[in-house]
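Here is a short briefing to read alongside the model. Have the viewer open, and follow along topic by topic.

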Amino acid sequence: MAVRPILICGDPRLTAPAVPVTEFDDELAAFVEDLFETNTAARGAGLAANQIGDPRAVFVYDLQQQSVRHRGYVVNPVLETSEIPETMPDPDDDVEGCLSVPGEWFPTGRADWAKVTGVDIHGEPVTVEGTGYLSRCLQHETDHLLGHLYLDRLIGRNQRAARKMVKANGWTEAGRSWLPGADADPFHD
């Protein structure tokens, strides 16, 4: 198991749609463990394979919602949601961040309910369903595998602010990354 560098916004691997997993073997199991280890080191709620430069359609999640821990992974996920709001998100309750947009947070509209179906590392069916924070995470990670960052979901002034932030940080080119546990934690000073 290993902690892997996390790509930063601007790298084209983050905008390429994932490739379905077809090999269910020990290497896939080890890769999922690397995703968990990297996510834990980064203190993230979830991590998609393309965030560490791997094109496979797999993500992990590990988050606390009220007093319940949700931890798992999905290979070849398919997302279903309730209606996604089209109004301006609440700047206090709808804030979202991303390990590939280190240290930044923006209000992001998400559906309150989401369900992801897929398979596990053995090819057996998996279903994860939730509301609130878990729903947000499932949508966020599935978006990654479709080649979308949460910045793509922003509207209005939030979208304009994010564009300025990306330019100001120089995140317009490939090859930038950060290594959890070695580099400064961009989310927790």
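How do the residues of the lining of the largest pocket divide into nonpolar, polar and charged? There are eight nonpolar, seven polar and four charged residues in that lining. Please keep in mind that this is a predicted model. The notes below start with the pockets, then turn to the rings and the overall fold.

**Largest pocket**
- The volume of the largest pocket is about 380 Å³.
- Its lining is made up of 19 residues, and those nearest the pocket centre are Ala45, Gly97, Cys98, Trp105 and Tyr133.
- Two elements, strand S5 (95-98) and helix H2 (132-145), each give two or more residues to this lining.
- H2 provides the largest share, with six residues.

**Second largest pocket**
- The second largest pocket holds about 220 Å³ of space.
- It is lined by 14 residues, with Cys9, Leu149, Leu151, Asp152 and Val166 closest to its centre.
- Here the lining divides into eight nonpolar, three polar and three charged residues.

**Aromatic rings**
- If you search the whole structure for aromatic pairs, you will find one.
- That pair joins Phe59 and Tyr61, whose ring centres are 6.3 Å apart.
- Their planes meet at 55 degrees, so the pair counts as tilted; the edge-to-face class would need an angle over 60 degrees.
- Phe59 is buried because its relative accessible area is 0%, where the cut-off for buried is under 20%.
- Tyr61 has 7% relative accessibility and therefore counts as buried too.

**Charges over rings**
- Arg56 places its charged end over the ring of Phe31, at 4.3 Å from the ring centre.
- Arg71 lies over the face of Phe36, and here the distance to the ring centre is 3.8 Å.

**Overall fold**
- The protein has three helices and nine strands.
- Read from the N terminus, the order of its elements is β-α-β-β-β-β-β-β-β-α-α-β.
- The radius of gyration is 16 Å, which agrees with the value near 16 Å for a compact globule of 189 residues.
- The C-alpha trace spans about 45 × 35 × 30 Å along the principal axes.
- Of the 189 residues, 48% are buried.

Definitions and conventions. Residues numbered from 1 in each chain as written. Predicted model: local features only at pLDDT ≥ 70, side-chain atom pairs only at ≥ 80, totals over all residues. Heavy atoms only, no water. 1 Å grid on protein atoms, 1.4 Å probe; cavity = no way out; pocket = protein on both sides within 12 Å on 5 of 7 lines; lining within 4 Å. Points joined across faces, edges and corners; volume = space filled by probe spheres on them. Helix = DSSP H or I, 4+ residues; strand = E, 2+ residues; numbered from the N terminus. Nonpolar A, V, L, I, M, F, W, Y, C, P; charged D, E, K, R; others polar. Phe/Tyr/Trp six-rings, centres within 6.5 Å; stacked < 30°, edge-to-face > 60°. Buried < 20%, exposed > 50% of the residue type's maximum accessible area, 1.4 Å probe, protein only. Lys NZ or Arg CZ within 6 Å of the ring centre and 35° of its normal. Rg over C-alpha atoms; globule rule 2.2 N^0.38 Å.
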